[in-house]
Amino acid sequence: MNRLGTRIALTTAIAAVPFAALAQDDGQTPLDIPANVSDFQASFRNVAARVLPVVVELKIVEVTTQTVPKNFGWPWNFLLPDQEEEDTTPDEQEFRNQGLGSGVIVRKDKDTFYVLTNNHVAGAASEIKVVLYDEREFSATLVGKDERKDLALIKFTADDPSIPVAVLGDSDDIYVGDWVLAVGSPFGLVSSVTAGIVSAKGRQGPQDNISDFIQTDAAINQGNSGGALVNLRGEVVGINTWITTPTGGSVGLGFSIPINIAKKAIDDFINKGSVEYGWLGVSI
């Protein structure tokens, strides 16, 4: 068969992948890793179909107050010194700062759903809205946060048992060169999927952050923070957190918190409201 014939046959094989099979996915059994190119294409479709419903958009409002000085009356006080002095006590003005981020539904308890995200996304939020893949919106509250790991857990209530929960994988079982997909809402473009590989493991993060990050060249941008990094089995192996860039956009240097670091934090947030750290030292 000539090259053109091979290309036509391959295209036909890819196009023939049945989407009906996706409806039978129970969302828990690891997906098979493909053995050939057409299966590889189908694998990306299967992973996206499974993971998109468990990654949510977060609409954040941070309410801050700022001291605003009053008009001191100049130059009228200078020109008319006998006039009664104005009250110059500074006023406090409220400002509503809006932000966007992503999160991953990691657990549910009856009608309560827990969403894992970054502390820099939701840790200081005054109002939180969770937007599901089907565009339904729910008000959420903060369960706990941790600045050192840059993780936060929020929760919302919904009387809908069909809302899916992510499958958390084993981030120790990924290797440099493995294919991964990043899922989130970069720049408010909800339910975006990008692909790349694991570029490195054990990277140091920003100052005071204690996580050993997974580096990937899958495109991560503003708004992706708190979203999922997943393997080809559809398992979440990382929480996308930060990028290194001279331009403000993705240059192929994205970093994710390994999900194994986050697993204990999820339990601590739910059971204690904060992350519990061990300590080593001497006390009297």
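Colleague: Which residues in helix 2 are buried?

Modeller: Please bear in mind that this is a predicted model. To count as buried, a residue must have under 20% relative accessible area. In helix 2 the residues that are buried are Ser38, Ala42, Ser43, Phe44, Val47, Ala48, Arg50 and Val51.

Colleague: How far apart are the end C-alpha atoms of helix 2?

Modeller: Helix 2 covers residues 37-51, which makes 15 residues.

Colleague: Is Asp160, the salt-bridge partner of Arg136, buried or exposed?

Modeller: Arg136 and Asp160 form a salt bridge in which the closest N and O atoms are 2.9 Å apart. Arg136 is in the loop between strand 4 and strand 5, while Asp160 is in the loop between strand 6 and strand 7, so the pair connects parts 24 residues apart in sequence. Arg136 counts as partly exposed at 31% relative accessibility, whereas Asp160, with a relative accessible area of 15%, is buried.

Colleague: Which residues are linked with Lys264 in a network of salt bridges?

Modeller: Lys264 and Asp268 form a salt bridge, with their closest N and O atoms 2.6 Å apart, and because they are four residues apart in helix 5 (residues 259-272), about one helical turn separates them. Asp268 is buried at a relative accessible area of 5%, whereas Lys264, at 45%, is partly exposed. The residues linked with Lys264 in the network are Asp268, Lys272 and Glu276.

Colleague: How far from Glu235 is the nearest side chain of opposite charge?

Modeller: Glu235 sits in the loop between strand 10 (228-230) and strand 11 (236-243), and the residues it touches beyond four places away in sequence are Pro30, Val167, Gly169, Leu229 and Val230. Since a salt bridge requires the nitrogen and the carboxyl oxygen to be within 4 Å, the buried Glu235 has none, and the nearest side chain of opposite charge, that of Arg233, lies at a distance of 5.2 Å.

Note on methods. Residues numbered from 1 in each chain as written. Predicted model: local features only at pLDDT ≥ 70, side-chain atom pairs only at ≥ 80, totals over all residues. Heavy atoms only, no water. Helix = DSSP H or I, 4+ residues; strand = E, 2+ residues; numbered from the N terminus. Buried < 20%, exposed > 50% of the residue type's maximum accessible area, 1.4 Å probe, protein only. Lys, Arg positive; Asp, Glu negative; His and termini not counted. Contact = heavy atoms within 4.5 Å. Expected span 1.5 Å × (residues − 1).
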